[in-house]
Amino acid sequence: MQVILTHEQAYFDAIASLLGAFLLNPEAYPVIPNNLNRNVNSFIHLYNSELPFVNQNDLPNEKIGDVILVDTQSLVTIKGISQKTKVHVIDHHQKKENFPSEWNFQSVQ
């Protein structure tokens with residue numbers, strides 16, 4: 001299974017990145033963070049039925065083989081992630097010095 005994740009306290013930039021990654025990878029599950037910026041939370045509640053986002057509790061009970069991580073370089077742990085899970089980061093921030101060597105990094109501007 002492939003999931004798309006972003007950071008907690010997500011704001012519109014992160015949520016837009018989550019949606020964009022889903023549009024490019026429609027087989028992946030775009031997982032909405034547990035904690036959202038107040039304005040984003042209102043937006044999601046208003047348009048929830050028209051958005052593809054899933055809660056992590058609604059994911060199939062399967063191992064996660066691939067994570068697309070957007071707008072962050074910090075992996076939020078969710079059920080199904082293991083040491084074998086491949087992580088691909090897509091971020092507009094500069095690559096961190098302690099970035100894990102086994103992860104893939106793609107910079108976007």
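Which residues does Ile4 touch, not counting residues up to four places away in sequence? In this predicted model, the contacts of Ile4 are Leu18, Ala21, Phe22, Asn25, Ala28, Tyr29, Pro30, Val31, Ile68 and Val70. Ile4 is also listed among the residues with the most contacts inside the largest nonpolar core, together with Ile15, Leu18, Ile32, Leu36, Ile44 and Phe53. This core has 16 residues. Helix α1 gives the largest share, with five residues. Another core, of 14 residues, lies apart from the largest one, and its members include Met1, Leu5, Leu69 and Val87. In soluble globular proteins, nonpolar side chains tend to be buried together.

Helix α1 also contains Ala14. With a relative accessibility of 0%, Ala14 counts as buried, because buried means under 20% relative accessible area. Leaving aside residues up to four places away in sequence, Ala14 touches Thr6, His7, Val70 and Asp71. Ala14 and Val70 are 56 residues apart along the chain, and 6.9 Å separates their C-alpha atoms.

Asp71, one of the contacts of Ala14, is located in the loop between β3 and β4. Its relative accessible area is 3%, so Asp71 is buried. Although Asp71 is not a glycine, its phi is positive, at about 60 degrees. The loop between β3 (66–70) and β4 (86–91) also holds Thr72. Thr72 has a relative accessible area of 10% and is therefore buried. From Thr72, the side chain reaches the backbone nitrogen of Ser74 at 3.2 Å. With residues up to four places away in sequence not counted, Thr72 touches Thr6, His7, Val89 and Asp91.

Gln9 is placed in the loop between β1 (2–5) and α1 (12–24). Its relative accessibility is 48%, so Gln9 counts as partly exposed. Asp71, by contrast, is buried.

Empty space in the model was examined next. Rolling a probe the size of a water molecule over the atoms shows where empty space is left. The count comes to one cavity of 30 Å³ or more. The volume of the largest cavity is about 40 Å³. The lining of this cavity consists of Leu5, Thr6, Glu8, Val31, Ile32, Pro33, Gln56, Val76 and Ile78. By class, six of the lining residues are nonpolar, two are polar and one is charged. Leu5, in the lining of the cavity, is among the members of the core of 14 residues, whereas Ile32, also in that lining, belongs to the core of 16 residues.

The largest pocket has a volume of about 180 Å³. Ile32, Pro33, Asn34, Leu36, Asn41, Ile44, His45, Asn48, Phe53, Val54 and Asn55 form its lining. Six of these residues are nonpolar and five are polar, with no charged residue. Ile32 and Pro33 line the pocket and are also found in the lining of the largest cavity. Among the pocket residues are Ile32, Leu36, Ile44 and Phe53, which are listed with the most contacts inside the largest nonpolar core.

Note on methods: Residues numbered from 1 in each chain as written. Predicted model: local features only at pLDDT ≥ 70, side-chain atom pairs only at ≥ 80, totals over all residues. Heavy atoms only, no water. 1 Å grid on protein atoms, 1.4 Å probe; cavity = no way out; pocket = protein on both sides within 12 Å on 5 of 7 lines; lining within 4 Å. Points joined across faces, edges and corners; volume = space filled by probe spheres on them. Nonpolar A, V, L, I, M, F, W, Y, C, P; charged D, E, K, R; others polar. Helix = DSSP H or I, 4+ residues; strand = E, 2+ residues; numbered from the N terminus. Buried < 20%, exposed > 50% of the residue type's maximum accessible area, 1.4 Å probe, protein only. Polar contact = N/O pair within 3.5 Å; in protein donor to acceptor, adjacent residues only side chain to side chain. Contact = heavy atoms within 4.5 Å. Core = buried A, V, L, I, M, F, W, Y, C linked by side-chain atoms within 4.5 Å.
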